Amino acid sequence: MTGAKIRQHIAFSVLGAVTLLIVVPILLVVLYVVVNGVGAISWEFLTAAPRQGMKAGGIFPAIVGTVLLVIGTMLFSLPLGVLAAVYLVEYASDDLLTRMVKLSVVNLSGIPSIVYGLFGFTVFVLLLHLGTSILAGSLTLAIMSLPVIITASKEALESVPFTYREISLSLGASRWQTVRYCVLPYAIPGILTGTVLSLSRAAGETAPILFTVAAFYLPRLPHSVFDQVMALPYHLYVISTQVPNIPIEISFATALVLVALVFLMNLISIILRAHFRKKRLW
Amino acid sequence: MPRKISEFIIELCIKLSGYAVVVFVFLVFLFLLRDSLSLFRHYPVSDFLFGTEWLPVSDPPKFGVVPLLLGSIFVTVWAILICVPLGVGSAMFISEVAPKPLKHVLKSLVEILASIPSVVLGFLGIIWLGPVLRNVFGLATGMCGLTGSLLLAFMALPTIISISEDALTGVPRAYREAAFGLGATRWQTLWRIILPSASSGILAAVMLGVGRVVGETMVVMMVTGNAPVMPGSILKPLRTLTATIAGEMGETVGGSEHYFALFAVGIVLFVITFSINFVADLFLRRARK
Amino acid sequence: MVEEPVIKTVDLSCYFGPLQVLKSINIEIPHNELLGIIGPANSGKTTFLRALNRLNYLHRTYSQTGRILLDGCDISSIGDNLLRKKIGIIFALPQVLPISIFDNVAYGPKVHGTTDKKTVGRIVEEALKKAYLWDEVKDRLREPAVRLSGGQQQRLCIARTLAVEPELILYDEPCSGLDPISTAKVEDAMQKLKASYTQILVTNNTSQASRVSERCAFFLMGELVEIGATKTLFTNPKDKRTDDYITGKFG
């Protein structure tokens, strides 16, 4: 082997080792949580309310709380995000306002989650008098999820062939008719995939819900959107840091349920993406 | 015609949705600013920005942000030192060396990492990584800056890997073909041609990774020890900007100086991450050209 | 009474950014004429067509000066929807929507407000007949349009345009992607449409222009060099440049 080939061999091996150094911990982390947590998973754990200050019983209210928050986030962020993406792709001209909108999307995605928490507290909880509630939490998470939904929707809309719009406009359709009949229907797969991904992130977030909705020990289920609610990420945080003497399996099991929920949503998004790629019409 | 009217309304909603995004950014900044300014009515800005003591419950309270700022900086620098070589290295491997099926597997694994909630990693830091580091370095407590840096490095990897990988695969084929035509090996091509021409994108990836690390809350709150003192060694407990807000908010009384001080910390965070993301976006645009 | 020409352009000049693509075009096109437009690439032929139904404005840098009159009316006073209903266009490559044959043709009437199923069905059938496609597709109207051959798709595009009842049909090199048999079928349709429609055909193929058009215009680098009866233009052109192009000295 020539000197250059030897160097290449070494270099590629180093890169491979580096990659392994990253990949192995990922698998180990997942396995670690699964192995240690699966023991405490039982039907009761998943469906019962907590008892004895979390030392016994289950985490059902936390699961319900997380699900409610995800639904609430979707209700607020999906319509707004898709319409904003439609604006950017179909209606915006190349002027200062459009550049500001694009810049704002970038900025929103860079704001730390705790800052969203502060904003949500000051605006939704206090200013709008919603109190710490599912509503306040969902609104906070929704603003946080907007950039991801907008970006995914934008890509989905841009991937629809331009000729569809040209055909529609040349037949005399209006801009909205063109969007409605010739663009949006074909962008829905991409929009859906991006939305599910964004919601899976929202499900795992703790910081935005710290001051806007989360409660620790709330054995009963919420009655209305103005109620506080338990949530899986917050629950895990509290039992790992603030409550002594909780059996470690319960903590692991809580972590496992959260990870499983997030992975499930990710898996759905991946399946959707593969399914629609096969059915692609162009 | 009713159709014309309903179309007008829909198009109005679309335009408003676009503008709403801009409005939200302004609102976030404005509301943070409003409550921060309440602090500065009685507490001097210079004491806040340059003070080296963060003692919110002492009498009189001290709200110097420097220990928190340095805490964030320490943790970020160490995290970046760890994750940039690892991240860019893997990106190179995934994009240029790995065969196609392996590439898909690796990218999926990276996506899995990206989806692990931060609170779970914080939990693992408390349970496993902290004690390990305590034994390895013989520390009093494993809840120190290094624990945070390691976990943060792990969390920032997907950002760095995926954006760097995009930058590397985005290098025009013509460059590679020219290099091979001249007899270069794949490694020589990668090191001397592809990597340099992807540098804008990789730089943007690093900056976005930094932004992610600086903005992370749960991990640092759970494992870095929460000691709002001037940080000395990375092996001792410290406090970041994010953990301060999250940790102390529950203890404040609405309308008190402490309460407003936390918003001031929030503004500092906002400005830092805003600037980082702004510059990173400039680099990304340059890379796309 | 002298009839108004269908299309009249007055000093029409078109620009993409600072680049002037058409220079002061003055043309009149009477009813039921099939006007051929020939010339080498980048002469502005496509730009001219698309100026008539304002499709050029889809490009962000486009601007124009001069006037365009449709039936004596300045088109700037006609809304986009109505203008593009009256002036239909067939593009160079057959472009169909990824829906059924029936729905492709029905799209135009739908967006202009025709909802009654029977009416739409009748319109679709008539349009397909006029485009000489009905017999070939009448038993498979619900099949995806993408399954048709290139020539059939192009005739589908003609049917789609006819379904909105235009006055003027524009063709932008419609047979460039088609085999000779499909080309013949499209030219056949054009001939038979002369009775009820005015048509403008942009083509790179001078033989095609001489086959179907009554008058022909020669565009070169944005200028209307010469316009006249097709036979005369091809056998005895007034301008040397026209002669050079037709005899193949360039182009």
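In which sense do strand 9 and strand 10 of chain C pair, and over how many bridges? I began my notes with this question, and I keep in mind throughout that the model is predicted.

**Entry 1: the hairpin in chain C**

I looked up the two strands and found that strand 9 (residues 215-220) and strand 10 (residues 223-229) of chain C pair in the antiparallel sense, with six bridges between them. Taking one position as an example, I noted that C:Phe219 has C:Leu224 in strand 10 of chain C as its bridge partner. The two strands form a hairpin with two residues between them, and in the turn I found C:Met221 with a positive phi of about 50 degrees.

**Entry 2: the open sheet in chain C**

I then turned to another set of strands in chain C, where four strands form an open sheet in the order 2-1-4-5 with antiparallel pairing. The edges are strand 2 (19-29) and strand 5 (73-74) of chain C, each of which pairs on one side only.

**Entry 3: chain A as a whole**

For chain A I counted eleven helices and two strands, and from the N terminus on I read their order as α-α-β-β-α-α-α-α-α-α-α-α-α. The C-alpha trace of chain A spans about 70 × 70 × 35 Å along its principal axes. Of its 282 residues, 51% count as buried. Among the contacts in chain A with a separation of 6 or more, I noted that 76% involve residues 24 or more positions apart.

**Entry 4: where chain A meets chain B**

How many residues of chain A are in contact with chain B? I found 64 residues of chain A in contact with 59 residues of chain B. Helix 1 (residues 3-37) of chain A provides the largest share of the chain A side, 17 residues, and that side divides into 46 nonpolar, 16 polar and two charged residues.

I also followed one helix pair across the two chains. The axes of helix 5 (residues 113-127) of chain A and helix 1 (residues 2-40) of chain B come within 10 Å and cross at roughly 75 degrees, which means that helix 5 of chain A is roughly perpendicular to helix 1 of chain B. In this contact A:Val115, A:Leu118, A:Phe119, A:Thr122 and A:Val123 meet B:Val28, B:Phe31, B:Leu32 and B:Asp35; I sorted the residues of the helix contact into seven nonpolar, one polar and one charged.

**Entry 5: where chain A meets chain C**

This contact takes 15 residues from chain A and 16 residues from chain C. On the chain A side, the elements that give two or more residues are helix 7 (162-170) and helix 8 (175-204) of chain A, and helix 7 of chain A gives the most, with five residues. I noted eight nonpolar, six polar and one charged residue on this side of chain A.

**Entry 6: the largest nonpolar core**

Finally I looked up which residues of the largest nonpolar core, which has 251 residues, touch the most other members, and found B:Val120, B:Leu157, B:Ile160 and C:Ala159. Leaving aside neighbours within four places in sequence, I found B:Val120 in contact with A:Val33, A:Leu236, A:Ala255, A:Leu258 and A:Val259.

Key
Residues are numbered from 1 along each chain as its sequence is written. Chains are lettered from A and ligands numbered from 1 in the order in which they are written. This is a predicted model: local features need pLDDT of at least 70, side-chain atom pairs count only at pLDDT 80 or more; totals for chains, interfaces and linings use all residues. A residue is buried if 20 or more other C-beta atoms lie within 10 Å of its own, exposed if 12 or fewer, and partly exposed in between; C-beta atoms are placed from the backbone. Two residues are in contact if their C-beta atoms, placed from the backbone, lie within 7 Å. Two strands pair if DSSP finds at least two bridges between them. Ala, Val, Leu, Ile, Met, Phe, Trp, Tyr, Cys and Pro count as nonpolar, Asp, Glu, Lys and Arg as charged, and the others, Gly among them, as polar. A nonpolar core is a set of buried Ala, Val, Leu, Ile, Met, Phe, Trp, Tyr and Cys residues joined through C-beta atoms within 7 Å. Axes are lines fitted to C-alpha atoms, for helices over the stretch in contact, and angles run from 0 to 180 degrees between N-to-C directions. Angles under 35 degrees count as roughly parallel, over 145 as roughly antiparallel, 65 to 115 as roughly perpendicular and the rest as oblique.
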